[in-house]
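Please keep the sequence and the 3D view at hand while reading.

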Amino acid sequence: MKVLVPVKRVIDYNVQVRVKSDQSGVELTNVKMAMNPFCEIAVEQAIRMKEAGQAEEIIVVSAGPQKAQETLRTALAMGADRGVHIESDTDLEPLAVAKLLQKVVEKEGAGIVVMGKQAIDGDNNQTGQMLSALLGWSQGTFISAIELNGDTVKVTREVDGGLEKVELRMPAVVTVDLRLNEPRYASLPNIMKAKKKPIDVMSIEELGVDVSPRVQVIKVEEPEKRKAGEIVGSVAELVDKLKNEAKVI
Ligand code: AMP
């Protein structure tokens, strides 16, 4: 079975994000970028499936600018076999990404898609759900455990009230949550080996997908600054302030 893992290049999660002065988005010039952390978890999961003999090939796919190939190389150094780069210099909405991924899934004949539950830049949490709908495949979202059993896959979903276990008919799209695993670091020899692994480059035109935007960003604002704290003299004073000033108890 081929496993397809879509990976996105985003602002590194350690970076303090700054809003552009014209409020049209966030500053990306000279900002450190990295693989979306949830996509790293998805790559790790695919590698574990291959190590367990449940998958034959791991194909990583990224839609984005030329530099998205760096993200693909990171996934290849972790252990993926092959990369697909869909070239795009404009921001792609989740629906556009899902349509592009649908084409790649069909072209490659993948049996499962393992992907991040959300990209930490747009926080959309939409692409996996849209992809499964477009493919007509089962969907397991926010998963923290997975067990493949041939024609079915059992997943544990992290839902608000706790954990939900569901069994999905294959083929399926699963979107991974934080607690599924801890992604490995690529070793130096594997980083060197990854340079020789193939990356196919495709254009949006070649895939025949309409990626024109459906959503318009009106304004991006910084979150409100936190007010300075206050040191209180006693527990009684704290309780009084919580009750009468903050009105939270
Ligand atoms: P989102 O729906 O944007 O929060 O993203 C959820 C997941 O979709 C990510 O973790 C990736 O696995 C995948 N994804 C989103 N955008 C891209 C992209 N441009 N290229 C490849 N995969 C993507």
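**The second largest pocket and its surroundings**

The second largest pocket holds about 600 Å³ of space. Its lining consists of 24 residues, and those closest to the centre of the pocket are Tyr-13, Met-35, Glu-40, Pro-183 and Tyr-185. The model described here is a predicted one.

**Lining of the pocket**

- Strand S2 (9–11), strand S3 (33–35), helix H1 (37–51) and helix H2 (68–78) are the elements that each give two or more residues to the lining of the second largest pocket.
- The most is given by H2, which supplies four residues to this lining.
- Sorted by class, the lining of the second largest pocket has 14 nonpolar, six charged and four polar residues.

**Salt bridges**

- In total, the structure holds 16 salt bridges.
- One of the salt bridges joins Glu-57 to Arg-82, with 2.8 Å between the closest N and O atoms. Because Glu-57 belongs to strand S4 (residues 57–64) and Arg-82 to strand S5 (residues 82–87), this pair ties together parts that are 25 residues apart in sequence.
- Arg-82 counts as buried because its relative accessibility is 16%, and buried means under 20%.
- Glu-57 and Arg-82 are also linked with Lys-2 and Glu-108 in a network of salt bridges.
- Another salt bridge forms between the side chains of Asp-177 and Lys-117, at 3.2 Å from N to O. Asp-177 lies in the loop between strand S10 (172–176) and helix H5 (188–194), and Lys-117 in the loop between strand S6 (112–116) and H4, so the pair ties together parts that are 60 residues apart in sequence.
- Asp-177 and Lys-117 are both buried.
- Lys-241 and Glu-230 form a salt bridge as well, their closest N and O atoms being 3.0 Å apart. Since Lys-241 is in helix H7 (residues 235–244) and Glu-230 is in the loop between helix H6 (204–207) and H7, the pair ties together parts that are eleven residues apart in sequence.
- Lys-241 is buried, with a relative accessible area of 17%, whereas Glu-230 counts as exposed at 54% relative accessibility.

- Thr-127 is part of helix H4, which covers residues 127–135.
- With a relative accessibility of 18%, Thr-127 counts as buried.
- Leaving aside residues up to four places away in sequence, Thr-127 touches Pro-94, Val-97, Ala-98, Leu-101 and Met-115.

Key. Residues numbered from 1 in each chain as written. Predicted model: local features only at pLDDT ≥ 70, side-chain atom pairs only at ≥ 80, totals over all residues. Heavy atoms only, no water. Buried < 20%, exposed > 50% of the residue type's maximum accessible area, 1.4 Å probe, protein only. Contact = heavy atoms within 4.5 Å. Salt bridge = Lys/Arg side-chain N within 4 Å of Asp/Glu carboxyl O. 1 Å grid on protein atoms, 1.4 Å probe; cavity = no way out; pocket = protein on both sides within 12 Å on 5 of 7 lines; lining within 4 Å. Points joined across faces, edges and corners; volume = space filled by probe spheres on them. Nonpolar A, V, L, I, M, F, W, Y, C, P; charged D, E, K, R; others polar.
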